Structure formats: C-alpha cells, structure tokens
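Please look over the model below.

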Amino acid sequence: METRELRYFVAVAEELHFGRAAQRLTMAQPPLSRAIQQLERRLGVVLLHRTPRAVSLTEAGSVLLREARAVLAAVEAAERRTRRAAAERPGVVLATKAGAARELLSKLLDAYAAEPGAVAVEVVLCGPGEQEGLLRDGRADVALLQRPFDTTAGLDTEELHAEQQVVVLPAGHPLADRPHVSMAEVTSLPGLPLPRWPRRGGGCSDGPGPQVRDHTQLFQLIALGRACAVVPESLRAHLRDDHATVPVADAPTVTTVIAWPPHSRSKAVADLVRAATRL
C-alpha cells in the first residue's frame with residue numbers, strides 16, 4: 001500500500017462521504033472512488049459499504065482506518081525528525097507537562113548543560129497529556145512522562161522519581177487536619193467534585209466537576225471551594241495559603257520517567273538520558 005492511498009482512504013473513512021473527502025483532498029471525486037476500489041481489490045476485502053444515501057465502514061475498514069492513522073502519523077514523525085537532524089544548529093526538544101517535576105527538570109537541564117558537547121535544549125511546556133503526543137509524532141525528541149497518567153507503551157524509558165499523591169482542598173476544610181484520607185472519601189466530598197480534564201481525542205472526562213485546562217485554573221477553583229483534586233505531592237510547591245493538602249493513602253504512586261523513541265540514535269538524546277539517570 002502507498003501512503004497516498006492511505007491518505008485517500010482515511011479522508012473517506014472520516015468523512016463517510018466521497019464528495020466531502022474529495023473536497024478535503026482537493027481532488028475530483030471519480031479518481032478518488034477509483035483509488036479506493038483499487039485498494040479494495042488489491043487487499044481482497046470490502047472496506048466501505050456504499051448505498052445511494054450513505055457510506056459506512058466495514059469491520060475490515062475500521063481496522064484499516066486505525067492502522068492507516070498510525071502509519072501516516074509515523075511517516076509525519078519521520079519527516080519532522082529528518083528535517084531537524086539536518087538543521088544547522090542541532091538541538092534537542094524536550095516536552096514536559098507544565099508544572100510537573102519542576103525541580104527535577106531544573107536539575108536535569110543544569111546537569112546536561114555541564115556535559116561536554118551539550119547542545120541547546122528547547123523545553124516545550126504542555127497541557128495534560130500533550131507531551132506524549134509530541135514525542136510520538138516527532139515534534140519532540142524526549143519527554144518527561146508520568147505514569148499512570150501517560151502511556152509509555154512502545155517507548156524506551158528510564159524511571160527517575162516516584163512520589164505519592166495528595167488531595168488538594170480549600171484551606172480550613174474539615175479533612176485538612178487528617179493524617180491521610182482514602183480515594184473513596186475524596187470522591188464523595190460534598191460540594192467539592194473532582195475536575196474534568198481534556199481527553200486526548202477531544203472533549204472532557206466524565207463527572208460532575210468543572211472543566212479545567214491547567215493547574216493554575218484548577219487551583220483557583222479549589223481555593224474558591226468549587227472543586228478538589230488528587231495530584232502528585234510535588235505540586236505542593238505551586239500552592240498558596242488558601243489551599244490545604246492531605247495524603248491519599250490508596251492513590252496510585254506517580255512515577256516520572258524520561259522517554260524517547262526506541263529507534264532514536266541521537267547522541268544528544270543519549271547524553272540527556274544519561275544525565276537524567278545520574279540525578
């Protein structure tokens with residue numbers, strides 16, 4: 001299969017309309033239809049159910065849509081990494097969630113800068129979950145990820161730091177003097193629902209809590225008595241006097257890892273990872 005055919009198929013599969021897909025691809029509809037038919041003949045499967053009124057995916061079409069998206073994303077990542085490798089001034093792009101592992105990041109940058117042959121490090125501060133996508137699609141060379149929030153499947157990683165989680169409450173809350181609480185107690189707090197973060201595919205997570213985009217917004221809502229949140233204990237450094245924190249005994253441990261693509265042969269990435277693991 002050619003990447004051109006895969007792009008054609010993805011457009012039709014996402015639009016479920018040959019006319020709209022042709023407009024999206026800036027081409028005429030007849031050659032697009034012929035290309036999809038040729039792809040079906042070569043694979044020996046029916047990818048699309050066609051009626052005069054509708055187009056829908058077959059089971060085989062759903063599989064190819066998922067696989068084709070992954071292939072095209074990998075091609076785009078290869079293009080980005082190749083162009084960056086040819087840049088006049090080589091450097092490393094490091095992606096991390098804004099506010100996460102701030103002290104660790106500062107120590108890492110200082111340690112790497114002291115290495116012989118260190119190159120410039122561009123730090124990209126991301127919203128929740130964004131750094132993983134930047135690493136996978138080639139916009140970043142290395143990333144600081146946090147398990148279990150981020151997925152590291154298919155990436156090479158080294159664990160750097162593990163920490164417990166705390167619940168952030170408005171100052172003066174009745175639970176603030178407790179030595180610890182449970183997740184069941186947190187999720188049942190009256191008037192203090194957990195926040196709803198953006199999903200990777202769009203929209204927000206389920207629940208009654210307010211929609212949030214970053215920790216600054218979240219912590220202000222908590223101070224106003226509109227929400228609570230369970231976060232890694234290192235985020236205490238961002239809190240003010242109008243917040244209180246209590247350890248959550250049964251919350252999962254948060255592990256910060258440095259991650260990079262398994263096929264990376266960049267000496268700069270290798271040196272950065274070594275500096276991180278020595279901290």
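How many cavities of 30 Å³ or more does the count give? The count comes to one. This is a predicted model, in which local features need pLDDT of at least 70, side-chain atom pairs count only at pLDDT 80 or more, and totals for chains, interfaces and linings use all residues. Residues are numbered from 1 along each chain as its sequence is written, and side-chain values use heavy atoms, leaving out hydrogens and water.

A cavity here is a set of points, on a 1 Å grid over the protein atoms alone, where a 1.4 Å probe fits but cannot get out; lining residues have an atom within 4 Å of a point. The volume is the space filled by probe spheres set on the points, with grid points joined across faces, edges and corners.

The largest cavity has these features.

| Feature of the largest cavity | Value |
|---|---|
| Volume | about 30 Å³ |
| Largest share of the lining | strand 5, three residues |
| Nonpolar lining residues | four residues |
| Polar lining residues | four residues |

Now helix 8, residues 215–223. Helices (H or I, at least four residues) and strands (E, at least two) are DSSP runs, numbered from the N terminus. His215, Leu218, Phe219, Leu221 and Ile222 are buried (under 20% relative accessible area, 1.4 Å probe, protein chains only). They cover an arc of only 160 degrees around the axis, so they sit on the same side of helix 8. The arc is taken from the directions from the helix axis to the C-beta atoms. Strands 3, 7, 8 and 9 are among what covers them.

Just after helix 8, glycine 225 has a positive phi of about 80 degrees.

Technical notes: Buried < 20%, exposed > 50% of the residue type's maximum accessible area, 1.4 Å probe, protein only. Contact = heavy atoms within 4.5 Å. 1 Å grid on protein atoms, 1.4 Å probe; cavity = no way out; pocket = protein on both sides within 12 Å on 5 of 7 lines; lining within 4 Å. Nonpolar A, V, L, I, M, F, W, Y, C, P; charged D, E, K, R; others polar.
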